[in-house]
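Me: I have a model open and would like a close look at one part of it. Could you walk me through that part and then link it to the rest?

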Amino acid sequence: MIEARHLRILRAVAGTGSFSAAARELGCTQPAVSQQMKALEQSAGTPLLVRAGRETRLTQAGEALVRHAAGILAGLTAAEEEVAAIAGLRAGRVRLVSFPSGSSTLVPTALAAMRAEHPGTRISLVEAEPPRSVEMLREGDCDVALAFRYAGASAAAEWEDLVATPLLTDRLVGLVPEGHRLAGAGRVGMAELADEPWIAGCPRCRRHLVEVCEGAGFTPRIDFATDDYPAVVGLVGAGLGVAVLPELAVESVRAKGVSALAVEPAVEREVVALTLPDLARVPAVAATLGELVRAAAR
C-alpha cells in the first residue's frame, strides 16, 4: 500500500534532487528519508529513484508516481479537512499564494477577517506571480492562488480544470514624471507615449505591455524592467521613463514624484482566486474565498 507520507517524501526528493536536501526541507534526517523511500519502492514493486554519485533522478515509474502525487495529496487534504469540519473541530489550514500587489491590498483585509471569524484556522502566505502561482496550486503546494489575466488573453483554457472566484476588474494606470508634458492631463492615449522610454513590470505584464503598445501602432523602447512595483514608480519619479501599472499596484505603493493618468482605450485585467474542485468544498478554503470576495468589494 502506498502511503501519503511516502508520496510527500518522494515529491521532496524529486523537487530537491537529493535525500539530504529533501530531509532538510521536511525537517527530518537523511536516513529517515532513505528508509521511507525503500518502503515506498517495496510497496510499488519497482525502483523509483536512481542514485548516480551525488545526483538522484527519477525512473519512469517514479516520474509517473510524482505526476499523480499532487492530485492524491490534494484530495487527501480536502478529505481530512472536510471530515474534521463535520466532526465539529474548529480548525483548519489554508495555504495562500498571491501576486505582490494583491498581497498588499486584498489579502491583509481578508486575513484579518478570517482571524477574527475563525481564530482556529491557520493561514500561511507566500508570493508568486502567475503562471507560477497556478502551477503551485496544481502541484499541491497551496490551497488558494490569487491570479490575474488580461482582457482578451487566451487564458481561459489554462484555468478550465480549476474553480475560479472573480474578485475585481483592475484597470491599468499610466504613470509619467511630475514634470512630464502630459502630467496633469488626466488621461492619455497609448499612442501619445510612443516615443517615450519605458519601465516595464513583471514578465507577464511586460508581454502584455508590448501587445498593447503594438496594438496602438508602436513597439515600446523598454529601458528598465523590474518585478518590484515600488522600483517602477521610483524610476518614473526620477524622470527615467513612463510606465503603466495596475491600479492595485499603484494603490500598494507611495506614488511620489509621478502623475497618474487614465489610459485610453481602457486596458483591464481580471483578478480571481483559484482553487482545485476538491479543495473548494473544504470549509476553511471556502471561508477564505468568501473573505477575499468581501475584501475586493470594499
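How many residues does helix α1 have, and what distance does it reach from its first C-alpha to its last?

Reply: Happy to take you through it. Please keep in mind that this is a predicted model. The mean pLDDT of the chain is 89, and 95% of its residues reach 70 or more.

Let's start with your helix. Helix α1 runs over residues 4-16, which gives it 13 residues. From its first C-alpha to its last it reaches 18 Å, close to the 18 Å expected at 1.5 Å a residue.

The largest nonpolar core has 70 residues, and Leu 146 and Trp 198 touch the most other members of it. Apart from that core lies another, of 16 residues, and among them are Ile 9 and Ala 12, along with Ala 22 and Leu 65. In soluble globular proteins, nonpolar side chains tend to be buried together.

Now follow the chain out of the helix. After α1 comes Gly 17, with a positive phi near 90 degrees. Leaving aside neighbours within four places in sequence, Glu 55 is in contact with Gly 17 and Val 50. Glu 55 belongs to strand β2, residues 55-58. Glu 55 counts as partly exposed because its relative accessibility is 48%.

A word on confidence around here: in the chain, it is lowest in strand β1 (residues 49-52), at a mean of 83. The highest value, 96, belongs to strand β8 (residues 197-200).

Strand β7 (residues 187-189) pairs with β11 in the parallel sense over 3 bridges, with Gly 189 opposite Glu 264.

Finally, the cysteines. The structure holds 0 disulfides. Cys 205 counts as buried because its relative accessible area is 12%, whereas Cys 28 is partly exposed, at 34% relative accessibility.

Conventions:
Residues numbered from 1 in each chain as written. Predicted model: local features only at pLDDT ≥ 70, side-chain atom pairs only at ≥ 80, totals over all residues. Heavy atoms only, no water. Pairing = 2+ DSSP bridges. Helix = DSSP H or I, 4+ residues; strand = E, 2+ residues; numbered from the N terminus. Disulfide = S-S within 2.5 Å. Buried < 20%, exposed > 50% of the residue type's maximum accessible area, 1.4 Å probe, protein only. Core = buried A, V, L, I, M, F, W, Y, C linked by side-chain atoms within 4.5 Å. Contact = heavy atoms within 4.5 Å. pLDDT = per-residue confidence, 0-100. Expected span 1.5 Å × (residues − 1).
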